[in-house]
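Hi everyone, thanks for coming. Let's have the structure up on the screen before I start talking.

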Amino acid sequence: MPEDMLDGLYPDHLQVLMRRADRVLEKSGFDALVVHAGSALTQFLDDQDYPYKVNPHFKAWVPITNNARSILIYVPGNKPKVLFHQPDDFWHKRAPFPEGAWTAAVDLQALPRVSEASTHWAKLGRAAFIGPPGEFDAVDVNSLNPAPVLNLLHYDRAIKTAYELECLRRASRLGALGHRAARAAFLAGESEFTANLRYLEACQMREEDLPYNNILAYNENAATLHYQNLDRVTPQPLRSFLIDAGAQFRGYASDITRTYAAAHGVFADLVTAVDAAQKALCEEIVVGRDFREVHLTAHRLLGDVLHRIKLIDVAGQEALELGLTSVFFPHGIGHLLGLQVHDVGGVMSNAAGDVRRRPDGHPYLRLTRILEPGVVVTVEPGVYFIDSLLARAQADARRAHIDWTLVEALRPCGGVRIEDDVATGVNGPENLTRDAFVAACAS
């Protein structure tokens, strides 16, 4: 889709946000919505800032992700007003004033001094202020991030507009380019650190532009779910590569994981089997499906995988009931995706903020809702060889069902995870990730 067609989707997206805001303000008794983009946080005992991350509530309205201290004001019946911060600053390059077709849909004004911002809402009645604490001076505490307002906004955010879906597709395409480059680095024997550099180069991004810190894990490092290091030296022998890495487009994230084996063998077979199970789970991302059931189905399918490679001696439902699958698959099957990687509202049962319970024994599931049209989720089954979880299993009745010789053979490979971003489309699931890899291969 050309850029002008994407911009053509933006006015309808904005109208959806305005209708949602109208309903939120009416129900909560507020007259206006004031959303702060946030500021960069300064490091302790230093004059340097941490990398700036925009308030997701701000970038939902406008594709401005790199200009701290900007503010959006919405009053029902009016165009959203955007106060674009443009200070007189000779230390840093000032962000250029936004251009492009999308700007016609908002009232865009320069804000030279933050101290002048409050004059824009002083006469708007009772305003709800959304943003990091400390950004608004002299604001009634009951008007700052009020729960009734946030709950409604968070619940609705799960349903994506056509504009948002296209942004998410583009984020997936950028991520796929990075994944291809990092895989090539792995196959060439380059280090985790170098593979990450190749990823960034392919995406044309800095690390602070990414939606989360990339996970590039060789060998047993893949057993750490959120592995945070990047070794400069390639391990010998090089057995496996797990990469969990995304990208952003106009503030919308992709979240993609792939695992590769360095050679044929039982670990390569495990990767293939988890990939097949993951594809089957993606087909369950349909309107009306309870995501809790998708999670439990993942445990049954992975139980079958573990049984098929003879890692455990029971399959499917029995492996789930005995707690065997949780030894190797301790996290949830997925989460909402959008303006944030782990997007908000995943365990809400309604717009009032009530919680929809997780299945017993599965505390790390981030999404428990019934899937609706336009929802985007991740689907990420995995099998890992985590020392602490294996030690617990070895100390209880589960030890009798596990082939510990095979565990020791696979432990040096760390683990497997396959993750796609999937939307509940009109005609069934739309796999944004696999479509993106096809497009990357064709480019």
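A quick word on ground rules. This is a predicted model, where local features need pLDDT of at least 70, side-chain atom pairs count only at pLDDT 80 or more, and totals for chains, interfaces and linings use all residues. Residues are numbered from 1 along each chain as its sequence is written, and side-chain values use heavy atoms, with hydrogens and water left out.

Okay, pockets. We work on a 1 Å grid over the protein atoms alone: a pocket is an open set of points with protein on both sides within 12 Å along at least five of seven lines, a cavity is a set where a 1.4 Å probe fits but cannot get out, and lining residues have an atom within 4 Å of a point. Points are joined across faces, edges and corners, and a volume is the space filled by probe spheres set on them.

The largest pocket holds about 1400 Å³ of space. By class, we get 21 nonpolar, 11 polar and 13 charged. Here Ala, Val, Leu, Ile, Met, Phe, Trp, Tyr, Cys and Pro are nonpolar, Asp, Glu, Lys and Arg are charged, and the others, including Gly, are polar.

The second largest pocket comes in at about 470 Å³. It has 23 lining residues, with Leu-225, His-226, His-342, Arg-366 and Glu-380 nearest its centre, and they split into 8 nonpolar, 9 polar and 6 charged.

The largest cavity has a volume of about 160 Å³. Helix H1 (3–28), strand E1 (32–36) and helix H3 (147–157) each give two or more residues to its lining.

Is Asn-431 buried or exposed? Asn-431 counts as buried because its relative accessibility is 14%, and buried means under 20% relative accessible area with a 1.4 Å probe, protein chains only. Its side chain reaches the backbone nitrogen of Thr-433 at 3.1 Å.

Notes:
Buried < 20%, exposed > 50% of the residue type's maximum accessible area, 1.4 Å probe, protein only. Polar contact = N/O pair within 3.5 Å; in protein donor to acceptor, adjacent residues only side chain to side chain. Helix = DSSP H or I, 4+ residues; strand = E, 2+ residues; numbered from the N terminus.
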